[in-house]
Amino acid sequence: MTNQNSGQPAAYLQFCQEHMADMLETLKSLVEMESPSDNKPALDQLGEYLAQEFEHLGGKVTFDPQEEAGDNLKVEFPGTAGKPVLLLGHFDTVWPLGTLNHMPFRIENGRAYGPGVYDMKAGITMMLFALRALRTTSGAGHRPVTVLLDTDEEIGSTTGRPLVEATARGCEAALVLEPAQGLQGYLKTARKGVGDFTIRVRGRASHAGVDFEKGQSAVIELAHQILEVTKFTDLSRGITVNPGVVHGGTRTNVVAAEASVEVDIRIARAADARELEARFAALKPVNANCTVEITGGLNRPPMERTDGTVKLFHLAQEQAKKMGLALDEASTGGGSDGNFTSALGVPTLDGLGAVGEGAHAAHESILLEEFPRRTALLASLIGSL
Ligand SMILES: [Zn+2]
């Protein structure tokens with residue numbers, strides 16, 4: 001890593017502050033193009049818009065076409081030398097079409113509100129303006145930059161993952177523009193790995209009054225299984241197991257023939273994945289007349305706090321200091337596409353996006369005061385890598 005642009009942070013900050021109105025205009029446009037993960041036409045429309053915006057900045061756009069999901073978007077910018085820096089994000093949101101009717105984009109109390117504003121349309125806006133700041137503000141040049149935005153991050157990155165991994169492999173570092181942690185705006189240097197299991201129990205139905213003893217209750221068996229997997233939680237190792245959704249039975253007067261539970265698991269260390277998966281696979285019915293079927297597994301490996309990530313964080317801290325900003329780090333239980341890049345050994349720094357609160361909630365919002373600063377920080381970080 002070199003420090004060619006170390007004098008630039010103040011200039012980037014000035015650029016971003018001067019362009020605050022433009023930034024908000026872009027943010028408003030992105031928020032007002034609703035883009036739920038499951039709506040291809042809406043996602044593709046926003047993808048086209050983003051492609052144009054990045055093309056205006058001199059980027060080379062490639063779409064990764066999908067049949068059902070939205071097309072993923074990759075944009076490459078030339079640089080002076082070295083491997084590219086990856087700017088990573090997603091343009092799907094958890095909000096269905098029509099959310100704007102009751103949750104419009106608005107600016108109030110020093111914040112911008114709206115569906116997806118924080119997670120993570122502000123982060124995408126920051127990419128655009130950090131690149132503009134780098135182009136406009138004279139400096140010693142920077143590495144090539146690759147922007148990767150996928151369309152199904154909020155539902156597990158099924159289509160995004162292979163592209164994220166293939167792209168990250170050739171990159172010097174991955175900067176993830178997911179929201180910062182909390183109103184203090186901590187950067188994220190560790191994320192838990194995430195997985196899902198489904199446990200399906202089959203028993204035998206019978207009339208609860210007439211034939212009670214002929215029944216084999218799947219609901220009772222499921223209750224045993226739920227208590228069993230709950231024992232896998234180990235907070236001291238950062239392992240959590242949450243049976244979040246249960247289904248089972250048909251009527252109160254029927255001994256239930258079927259029941260199931262969907263379980264969310266989180267792990268802090270990749271080394272714990274195999275053991276936890278083995279424990280799920282080894283589940284046996286307590287009632288031998290019932291069957292238990294287990295499906296699922298880990299779908300995002302943990303982003304561990306590696307040396308490469310710590311170095312990136314210190315670099316960000318240094319750049320922030322030059323703008324008079326104090327910056328701290330945090331770990332989170334939530335996953336992102338940064339988990340994939342980190343698991344490949346690519347130094348990954350996450351939470352470089354907006355400072356705000358309320359991801360996936362009605363009060364989703366970003367702090368306007370931090371918006372130009374964090375954008376300038378991103379530009380500085382790209383410039384100093
Ligand atoms: Zn996100």
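Is Asp-119 buried or exposed? At 8% relative accessibility, Asp-119 counts as buried, where buried means under 20% relative accessible area, exposed over 50% and partly exposed in between, with a 1.4 Å probe and protein chains only. This is a predicted model, in which local features need pLDDT of at least 70 and side-chain atom pairs count only at pLDDT 80 or more, while totals for chains, interfaces and linings use all residues. Residues are numbered from 1 along each chain as its sequence is written, and side-chain values use heavy atoms, with hydrogens and water left out.

**Zinc site**

- The zinc ion has as its protein donors His-90 (NE2), Asp-119 (OD), Glu-178 (OE) and Glu-178 (OE), which lie 1.9 to 2.8 Å from it; donors are N, O and S atoms within 2.8 Å of the metal (3.2 Å for Na, K and Ca), and sites may look incomplete since water is not among the atoms.
- The arrangement is irregular because the four donor atoms subtend angles of 51 to 146° around the zinc ion; four donors count as tetrahedral if all angles lie between 85 and 135 degrees, four count as square planar and six as octahedral if opposite donors are over 155 degrees apart and all others between 65 and 115, and anything else is irregular.
- Along the chain, the donors of the zinc ion follow the spacing H-x28-D-x58-E.
- His-90 lies in strand β3 (residues 85-90) and Asp-119 in helix α4 (residues 117-136), so this pair ties together parts that are 29 residues apart in sequence; helices (H or I, at least four residues) and strands (E, at least two) are DSSP runs, numbered from the N terminus.
- His-90, at 1% relative accessibility, also counts as buried.

- Helix α4 lies across β5, β17 and β18 (365-367), and runs at about 50° to β18; axes are lines fitted to C-alpha atoms, for helices over the stretch in contact, and angles run from 0 to 180 degrees between N-to-C directions.
- Thr-125 is a residue of helix α4 and is buried at 0% relative accessibility.
- Neighbours within four places in sequence aside, Thr-125 is in contact with Met-23, Thr-26, Leu-27, Leu-30 and Phe-371, contact meaning heavy atoms within 4.5 Å.
- Thr-375, which is found in helix α10 (residues 370-384), is buried at 0% relative accessibility.
- Not counting residues up to four places away in sequence, Thr-375 touches Cys-16, Met-23, Met-126, Phe-129 and Ala-130.

**Strand pairing**

- An open sheet of four strands has the order β4-β5-β18-β17 with antiparallel pairing, and its edge strands, β4 (106-108) and β17 (356-357), each pair on one side only; two strands pair if DSSP finds at least two bridges between them.
- β4 pairs with strand β5 (residues 111-113) in the antiparallel sense over three bridges, and the bridge partner of Glu-108 in β5 is Arg-111.
- Strand β9 (residues 193-202) is mostly covered, with seven of its 10 residues buried.
- β9 pairs in the antiparallel sense with strand β13 (residues 258-267) over 10 bridges, where Arg-200 has Ser-260 as its bridge partner.
- β9 also pairs in the antiparallel sense with strand β14 (residues 291-300) over nine bridges, and Val-201 stands opposite Val-292 in β14.

**Cysteines**

- The whole structure contains zero disulfides, a disulfide being a pair of cysteine sulfur atoms within 2.5 Å.
- Cys-16 is buried with a relative accessible area of 0%, and Cys-290 is buried with a relative accessible area of 3%.
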